[in-house]
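Subject: Structure handover

Hello,

Here is the structure for your files.

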Amino acid sequence: MFLVQLAALAIWTDRREDLPETETEWRALLLALTAGDARPWALTGRDDKPAFMQPPAPVGLIWKPVETPDALDLLITSRNHDLKQTIARLAEAEDWVFALVSLQTSEGYGGAGNNGIARMNGGSSSRAMLALAPVSHSRAVPDPSSWWRRDVLALVALRRNGDEIAPGTPGGPALLWAMEWVEGHQLDLTRLDPWFIEVCRRVRLEPTPDGFVARRSTSSGARTDAKAFKGVVGDPWASISAEDPPKSLTLGEGDFTYRRLSDLMFSSEWHLPPLVNPTKDDGDCLLVAEALSRGNSKTDGFKSRIVPIPGAVWRFFGSENTGTLAKAQIGEIKIFDEALRNALARVAADGVKLDDPNLDQKLLAKNYYRSTEARARFDRAADRLFFPSLWDRLAESQTGSDAGYYRFIRNLHQAAQIELELAMPGIPCATLYRPRAEARARRAYFARLRKAEFQFLFDAQLLPDLPLVDEPEAADV
């Protein structure tokens, strides 16, 4: 994201139509962003002058030493076990560059004087990316250079075509580390270029005989006055809610499950980021969803999900049918989840079935928790099947074929049955009643599927002879 923003700013400022291909050209374009001043591109310099991702520091600040780049980075590690602190003792200049970019463009609120970035909805939120990436020719992973080139050109095209939606001012100040940071003064976000590269912390690097060390200090307020925008500041990778007022996506402690991605991509509750819109040159692509999961004064891991999208799907992608099919698949998964939950709860209840339906339902509900682990495993299996099946059904819907539907239901049935049979022996149940309990559990499972009119699962004459969907490769998941 940093490299795309920087390149787009350089090209837009120079009014170029193409991407430079030599170091000399790029050097000239980057220097033009700082009016020919090379100091903002150096890793070290005088405190009252800018250095790379390090704004000038006013006099009188209290500094704390930072010995290694991993201690400067944005991960919150309150205990020195599992993830060790300050271990990057043999750091190169490149390590400090990565730490600076990570901190200054992705950090949230970290306590008094340690403020976060403008491109997130609150200090405990996260800056999430939802993007399309060209596929590498060797395997199903993004091609970095092609991805960068696509996003830079697409971003510049958005502005040239007048399709950019952001509260900023194109051509306004953009490299915030090159600007004076007066204590107590906040920048007006509406005056900044929407592609501005922000800095949220006061940091300075110093050279040593062995490399570098850093110092960090605090600030009385955030660098930009952006709290009222709730993260809706024109970030081209940000998913924005359709509510009033709108907010940028907060991942929280969750993950990019099929439910969340389906919601972000196909529902009317979210607006797709501009860079997720396909271009005329896009073929087979990967949907890339990434964010650092954050909470109140804690981080919960870097979440990343890559979903292959066949080029043939694009002509149907924005249709209402896509959202309808995605919602239908979520509903079908829910039916199997309920069947698995009810069956395992019946085992935990010793197979007892009360004559009063209301009392019987209460008895089951008391034992739903016994099915939690099995349902979580089933949901992971459904997650692996969801998008390959959706693309198949979307393509087949144009021909009227139901083969994808039958295949998806069969796969869900197989996954749920496996979890049912694996979980039943581990559910506490009186030995005397276990045969009855497991028999009634299976009956309850199949009864829920018949109620959902999945009768074809049990009738060989109605079930099409279709192969199950192969397990996707790990790189595809």
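H8 passes H10 in a right-handed crossing (right-handed if the near helix is turned clockwise from the far one by less than a right angle, left-handed if anticlockwise). H8 covers residues 320-348 and H10 covers residues 372-396. Their axes come within 10 Å and cross at roughly 155°. That makes H8 roughly antiparallel to H10 (over 145 degrees; under 35 is roughly parallel, 65 to 115 roughly perpendicular, the rest oblique). Axes are lines fitted to C-alpha atoms, for helices over the stretch in contact, and angles run from 0 to 180 degrees between N-to-C directions. The contact of H8 with H10 has 13 nonpolar, four polar and six charged residues. Nonpolar means Ala, Val, Leu, Ile, Met, Phe, Trp, Tyr, Cys and Pro; charged means Asp, Glu, Lys and Arg; the others, Gly among them, are polar.

On provenance: this is a predicted model, where local features need pLDDT of at least 70, side-chain atom pairs count only at pLDDT 80 or more, and totals for chains, interfaces and linings use all residues. Residues are numbered from 1 along each chain as its sequence is written, and side-chain values use heavy atoms, with hydrogens and water left out.

Now the strands. Helices (H or I, at least four residues) and strands (E, at least two) are DSSP runs, numbered from the N terminus. Two strands pair if DSSP finds at least two bridges between them.

S4 (residues 211-217) is joined to S1 (residues 64-66) by three bridges, and the two run antiparallel. Valine 66 stands opposite alanine 214 in S4. S4 also pairs with S3 (residues 202-208), antiparallel, through seven bridges. Here arginine 202 faces serine 217 in S4. S3 and S4 form a hairpin, with two residues between them.

There is also an open sheet of three strands, in the order S2-S7-S8, with antiparallel pairing. S2 (129-134) and S8 (298-309) stand at the edges with a single partner strand each, so one side of each has no neighbour in the sheet. Neighbouring strands of this sheet are turned by 20° against each other on average, direction ignored. Ten bridges join S7 to S8. Glycine 295 stands opposite lysine 298 in S8.

The search used a 1 Å grid over the protein atoms alone. A cavity is a set of points where a 1.4 Å probe fits but cannot get out. A pocket is an open set with protein on both sides within 12 Å along at least five of seven lines. Lining residues have an atom within 4 Å of a point. Points are joined across faces, edges and corners, and a volume is the space filled by probe spheres set on them.

- Largest pocket: its volume is about 1,200 Å³. It is lined by 34 residues, of which Met1, Phe2, Leu3, Phe98 and Val101 lie nearest its centre. Elements giving two or more residues to the lining are H1 (2-14), H2 (23-33), H4 (93-106), H5 (144-160) and S7 (285-295). H4 gives the largest share, six residues. By class, the lining has 24 nonpolar, four polar and six charged residues.
- Cavities: the whole structure has two of 30 Å³ or more.
- Largest cavity: about 40 Å³. Its lining includes Arg119, Arg127 and Asp235. The lining splits into three nonpolar, three polar and three charged residues.
- Second largest cavity: about 30 Å³. Glu198, Cys200 and Arg223 are among its lining residues.

Best regards
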